[in-house]
Amino acid sequence: MKKLTIIFLTIIFTLSTIHSQDTESSEPVALDKTKVAGFSFLGPIIGLYSGSIGVYQKNGKVEIKVPVFYWKIPESLMKVMKIYGAGAHYRMYSKEGGEGFFWGPVVKANYFNWDVWEYDYYGEYPLDELDDDGYAYTGEAISGTLFEAGLEIGRRWQWKSGLTIAPTFGYNFGFGSISASESGVEADFDAGGPQYSLGLGWAF
């Protein structure tokens, strides 16, 4: 966690230096872009599809952001596991125009589902119940709804082209439970912890 925090702070400092020509002004800001869409370029490589839409309020002093995602874990890592999620961010900016430092609360809800398959090492399953990789469905499904709540801080830079970047660091507290359909076993599950995001997006 210490290394990730150092990397995050380094990104903030570097972008502050690059963008230093954008000086503070006491003049009112004319907000010509009122929304920002976020996206992930690399997510699809691991089966993660995510995006967000943010809407500026109060001439860009406030942003209300709603992220959503769907993640089907690659079967090379975990057989038939899916996670869906959505949330809400309320960001308060240090200046108008949807730029500068921001902070605010975050809430998220995630639905987790795992149809448990196992590799048939000992030939216990009929051949017609095995898939091409030799796995069989056990009849067990583990699922649950997990919640998170926390705070985040970050810094947004926005260029005239619409390109925007908002490195963000936060910490969420998680609560919720998961249960097994066949055995009925239920367990508390904490999905919280430190949160990092590069915040690449497009303002329009």
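**Stop 1: an aromatic cluster**

Select Tyr56, Tyr93 and Phe102: together they form one aromatic cluster. Rings of Phe, Tyr and Trp (its six-membered ring) are paired here if their centres lie within 6.5 Å; planes under 30 degrees apart are stacked, over 60 edge-to-face, and the rest tilted.

Before going on, note that this is a predicted model, in which local features need pLDDT of at least 70 and side-chain atom pairs count only at pLDDT 80 or more, while totals for chains, interfaces and linings use all residues. Residues are numbered from 1 along each chain as its sequence is written, and side-chain values use heavy atoms, with hydrogens and water left out.

**Stop 2: the whole chain**

Zoom out and colour by secondary structure. Helices (H or I, at least four residues) and strands (E, at least two) are DSSP runs, numbered from the N terminus. Of the 204 residues, 35% count as buried; buried means under 20% relative accessible area, exposed over 50%, and partly exposed in between (1.4 Å probe, protein chains only). Among contacts (heavy atoms within 4.5 Å) between residues at least 6 apart in sequence, 59% join residues at least 24 apart.

**Stop 3: two tilted ring pairs**

How many aromatic pairs does the structure hold? There are seven. For one of them, select Tyr84 and Tyr111, a tilted pair with 6.3 Å centre to centre and 35° between the planes. Tyr84 belongs to strand E4 (residues 81–93) and Tyr111 to strand E5 (residues 100–119), so this pair links distant parts of the chain, 27 residues apart. Tyr84 is partly exposed because its relative accessibility is 37%, and Tyr111 is partly exposed at 36%.

Next select Phe169 and Tyr196. Their ring centres are 5.1 Å apart and their planes at 50°, so this pair is tilted. Phe169 lies in strand E8 (residues 168–180) and Tyr196 in strand E10 (residues 193–197); this pair, too, links distant parts of the chain, 27 residues apart. With a relative accessible area of 30%, Tyr196 is partly exposed.

**Stop 4: a charge over a ring**

Select Phe101 and Arg155. The charged end of Arg155 sits over the Phe101 ring, 5.3 Å from its centre. The criterion is NZ of Lys or CZ of Arg within 6 Å of the ring centre and within 35 degrees of the ring normal.

**Stop 5: the nonpolar cores**

Select Ile73, Met81, Ile83, Phe112, Trp114, Val116, Ile142, Leu146, Ile178 and Ala180. These 10 residues are the largest nonpolar core, a core being a set of buried Ala, Val, Leu, Ile, Met, Phe, Trp, Tyr and Cys residues joined through side-chain atoms within 4.5 Å. E4, E5, strand E6 (135–158) and E8 each give two or more residues to this core. Which element gives the largest share? E5 does, with three residues.

Stay on Val116. Leaving aside residues up to four places away in sequence, Val116 touches Ala136, Tyr137, Thr138, Gly139, Glu140 and Ile142.

**Stop 6: Thr168**

Select Thr168, in strand E8. Is Thr168 buried or exposed? Its relative accessible area is 5%, so Thr168 is buried. Its side chain reaches the backbone oxygen of Ala166 at 2.8 Å.

**Stop 7**

Strands count as paired if DSSP finds at least two bridges between them. Gly54 stands opposite Lys65 in E3. E3 is in turn joined to E4 by nine bridges, again antiparallel, and Val68 has Ala86 in E4 as its bridge partner.

E2 and E3 form a hairpin with four residues between them. Most residues other than glycine have a negative phi, and most peptide bonds are trans. In the loop between E2 and E3, select Lys58 and Asn59. Phi is positive in both residues, near 55° for Lys58 and near 60° for Asn59. Lys58 is exposed, with a relative accessible area of 62%, whereas Asn59 is partly exposed at 28%.

Methods: A polar contact is a pair of N or O atoms within 3.5 Å; within protein, one must be able to donate a hydrogen and the other to accept it, and residues adjacent in sequence count only if both atoms are side-chain atoms.
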